[in-house]
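Me: Could you take a close look at one part of this model with me? I would like to see how it sits in the whole chain.

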Amino acid sequence: MAIKRHSSLQEFSKDHHQALLLCWKIKVGLSKEIALERIKAYVDWFYKNHIVTHFLLEEKYMFPVLGSEHPLVIRAMEEHKTLLTLFEKNFEIDKVLQQLHVKLKEHIRFEERVLFNEIQNVAAKEQLATIKKFHTNEKFIDNLNDVFWK
């Protein structure tokens, strides 16, 4: 059954879709034995151009709906820290990429299936309006300089 996402949260779900595609691209790159530096270069670009802002917006506008002591928010914040550490690691790249594509996918599934549902169930209209206001619906522009996954 498809999840009915409140319109205020839909742009975050679109971000998640792009991040799931990142996971897929990493997995394909690894399976094709693409040079790790090529995969990491794309991952670094995605991190700088999408992940950092996405995490900041979630932490500033979405998570406060439940509060910093809520177990789901605590879990999400811990996962953000873990993921940021993986994105920023520049050694043991093969292990990092393996972990990243698994942990990022698990994190997105958690946010989509559990956390976002809880947020949209308890958020006031004003909170939802604020979330929507600060996440504009900019079209995702991919980095196609090296499409190693094709």
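Does leucine 21 count as buried, partly exposed or exposed, and what is its relative accessibility?

Reply: Happy to take a look! This is a predicted model, where local features need pLDDT of at least 70, side-chain atom pairs count only at pLDDT 80 or more, and totals for chains, interfaces and linings use all residues. Residues are numbered from 1 along each chain as its sequence is written, and side-chain values use heavy atoms, with hydrogens and water left out.

Leucine 21 counts as partly exposed, because its relative accessibility is 30%; buried means under 20% relative accessible area, exposed over 50%, and partly exposed in between (1.4 Å probe, protein chains only). Leucine 21 lies in helix H1, which covers residues 10–31. Isoleucine 39 is 18 residues from leucine 21 in sequence, and their C-alpha atoms are 13 Å apart in space.

Now for the whole chain. It has 5 helices and 0 strands, where helices (H or I, at least four residues) and strands (E, at least two) are DSSP runs numbered from the N terminus. The radius of gyration, taken over C-alpha atoms, is 16 Å, close to the 15 Å from the globule rule (2.2 Å times the number of residues to the power 0.38) for 150 residues, so the chain is as compact as a globular protein of that length. Its C-alpha atoms fill a box of roughly 50 × 30 × 30 Å along the principal axes. Of the 150 residues, 45% count as buried. Among contacts (heavy atoms within 4.5 Å) with a separation of 6 or more, 81% join residues 24 or more positions apart.
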